Amino acid sequence: MVAKQLIWTHYDDGDEWVVYDPFSADIHLLTASARLLWTLVSDEQPHTIHDLVVTLAAELGRSPDDELTAVTRETLSSMDRAGLLRPMPS
Amino acid sequence: MPRLDVALDLRLLVRVLRNPQQLQDLSPREFSRAIDAAEQSRLLGWLLAHADAGQVSPECPQWLNDRVTTARARAREYERSIRWEIDRLNRAFLGVGFRWVLLKGAAYVAAALPPGRGRRVADIDVLVPQEHLVKAETALREHGWEFAELDAYDARYYREWMHELPPMVHSERRSVIDLHHAILPQSSRLHPSSARLLERSIPISDDVRVLCPAHMVLHAAAHLFHDGEIAGAIRDVVDLDGLLRCFGNDPEFWSDFVREARALQLTRPAYYAVRYADRLLATPVRSDVVSETSAWGPVSPVRWLMDALVEKTVHGRGTPAAALALYIRSHWLRMPPFLLLRHLLRKSVRRS
Amino acid sequence: MSPATRSILSLLGTRGVQVAIGPFLVHVRSELTGVRDYLERFYDDFPMAEGGEGHFDLAVVAGRGMRRWVRPQASIVINGARPFLPLPALLAGASMEWGMNWCVGRSAHHWVAVHAAVVERGGRVLILPAPPGSGKSTLCAALVCAGWRLFSDEFALIDPDSGRVLPIPRPISLKEASIEVIRRRDPQVVFGPEAHDTEGSRFVHMRPPSDSVRRADESARPGWVIVPRFMAGKPTTLERLPKAQALMQVTDQSFNYNYLGPKGYTCLAELVRETDCYRLEYSDLDEVLALLARVTAS
């Protein structure tokens with residue numbers, strides 16, 4: 001589940017994203033891939049890690065290997081800790 | 001040359017606390033003094049909430065406008081900050097499987113009660129069942145909180161004589177959580193049932209819970225008149241007033257209040273709460289409650305002494321000795337007498 | 001100094017003095033002669049009135065009890081609070097600047113404040129965001145001696161509604177070797193007496209140019225955000241800074257954007273959008289001044 005109040009900033013001179021969360025008052029710098037991952041999970045549907053890795057791999061032109069899986073897990077965990085993603089109600 | 005007077009205008013603050021409508025009549029200078037006094041007494045949120053009820057005059061000088069903008073921004077940020085911490089606490093406790101209840105300031109904010117408006121909260125106090133204390137500590141540690149570094153003396157003081165574990169501090173955000181399994185120290189003579197507090201707690205959102213209104217008021221009263229530091233006294237009295245006004249319109253509240261005071265053995269704090277809320281802030285309390293609780297008071301000499309000390313301390317007119325006397329009394333209620341002198345002496349040595 | 005100013009300053013120990021510093025009215029009080037001397041030396045061309053109110057109430061008071069006379073101390077009181085430990089009374093005047101820094105950084109949430117050196121030329125503002133102690137004050141002083149208008153050596157103040165930058169010209173604080181470096185560059189520069197701060201470092205205050213003080217009510221649009229880094233012995237290099245990273249640097253140096261909520265963040269995001277952003281490494285002041293003149297000429 002996504003935190004709805006986020007403010008995203010993008011500039012034409014690069015492909016990074018800056019996001020401000022008014023709830024935490026934190027500011028984060030995301031790579032294009034991290035932003036992509038965030039967009040994938042923000043449709044309020046449940047996702048499996050496997051599905052996400054497969055989609056990411058296709059979009060990034062990479063193989064859906066263990067390394068990508070580990071990075072995906074780590075990034076999701078960071079976003080969770082930062083409050084950029086919220087756990088879905090069970 | 002005589003000393004510059006840079007003292008806060010606490011007298012002005014108490015005057016507007018008793019008569020909030022006077023806020024509209026203050027000069028710009030007085031209003032800014034009131035803001036400063038409120039900020040230092042941790043009552044900025046209260047002041048702004050009551051000032052907004054009136055109009056801001058169009059002749060207001062720009063510097064005062066800017067001061068008020070800054071004050072409002074501060075109050076909003078205080079609330080945001082604590083709401084975020086509560087959110088992170090909720091995240092840490094997701095799936096722990098036991099009830100946890102917010103106490104004091106964090107609870108007022110979470111439940112959107114009047115004392116929670118723009119409130120500056122230092123530590124988040126949480127009540128958890130004693131048998132799940134370790135699980136709670138573990139969950140917090142997994143989410144970045146760790147025990148503050150204490151010297152051996154303080155660590156022992158916390159564990160052996162207080163009802164608190166040492167505070168847990170978040171490694172990045174530096175926010176502080178105090179886990180409690182009881183609302184009064186193990187060493188005190190009174191033992192209000194934690195099970196009863198947890199059982200009657202009220203859900204707010206997600207897994208966040210607060211005490212029921214009667215318990216919330218009794219806890220606030222026990223905190224002000226049974227333990228705690230004097231520096232927070234003004235705000236604690238204002239909190240009590242805010243809670244009583246908010247809950248007092250519900251007739252069921254008062255019967256709950258009287259019943260729970262007996263059930264939790266908190267009749268003495270209940271007596272003081274009713275007595276001083278009325279005398280200091282003219283809080284409306286139902287007359288039958290006043291007469292019922294009056295039976296719970298101490299014998300006269302103690303009562304008159306307590307009256308004088310509380311009035312002096314809260315109005316800031318008292319000597320440091322008076323403030324200390326009330327502080328000693330609070331500690332006396334918490335600790336066996338032979339320990340008292342040792343702890344206070346050590347605390348005073350550390351401060352200098 | 002005019003007789004009017006002198007007479008106003010005589011009220012320092014009683015009603016106090018209202019000094020206009022940039023967009024702020026600062027109500028100053030002190031019974032200590034050090035503060036009066038300091039204001040006479042550095043603030044005589046600032047608008048001053050007798051008065052008991054303003055954005056901040058800044059008082060510098062003598063130490064309590066024995067410490068009024070023996071190894072005398074002074075304390076800074078801001079709006080009734082004492083955010084600092086007492087310091088030697090000798091530093092009472094300088095402490096006014098530290099008090100002001102505290103006020104602007106923590107008590108002025110109607111502007112977005114960023115720790116930065118800020119100068120202006122040709123109607124456009126150059127912002128050099130950097131943490132305290134990074135050498136930005138020396139660079140700032142050098143730029144000012146070379147003809148840039150001084151906005152501030154400590155804070156970029158940005159109006160979140162218009163995006164304009166506001167000047168708060170004040171004495172620039174210089175430490176240790178920087179003192180000689182700047183004095184060599186501009187023999188006309190006016191310094192106060194040298195002293196040692198609470199960490200034992202030599203420091204002086206440099207008087208802000210009268211022209212900068214006179215034009216303290218002239219805001220301007222931001223032109224460049226350049227993140228400076230002094231690197232002894234290294235050649236001077238300037239490279240484009242991707243704006244997302246520039247925004248992270250700028251917000252890193254702002255301790256009050258959160259008080260303004262989304263408006264504060266958006267103000268900084270737009271600041272970066274509007275400006276040319278660079279990263280700068282330098283060791284030679286002449287080189288860096290020439291480089292900055294070139295980059296900002298367009």
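**Close-up views of chain C**

**View 1. Strands S1 and S2 of chain C pair as a hairpin.** C:Ala20 stands opposite C:Leu25 in S2(C). This is a predicted model, in which local features need pLDDT of at least 70 and side-chain atom pairs count only at pLDDT 80 or more, while totals for chains, interfaces and linings use all residues. Residues are numbered from 1 along each chain as its sequence is written, and chains are lettered from A and ligands numbered from 1 in the order in which they are written. Strands (E, at least two residues) and helices (H or I, at least four) are DSSP runs, numbered from the N terminus. S1(C) (residues 17-21) runs antiparallel to S2(C), joined by five bridges; pairing requires at least two DSSP bridges. Two residues lie between the strands, and C:Gly22 takes a positive phi near 60°.

**View 2. Strand S2 (residues 24-30) of chain C is mostly covered.** Seven of its seven residues are buried (20 or more other C-beta atoms within 10 Å of their own, with C-beta atoms placed from the backbone). C:Phe24, C:Val26, C:Val28 and C:Ser30 point one way, and C:Leu25, C:His27 and C:Arg29 the other. In a regular strand, side chains alternate between the two faces of the sheet. S2(C) also runs parallel to S4(C) (residues 56-62), through five bridges, with C:Arg29 opposite C:Ala59.

Definitions and conventions
A residue is buried if 20 or more other C-beta atoms lie within 10 Å of its own, exposed if 12 or fewer, and partly exposed in between; C-beta atoms are placed from the backbone.
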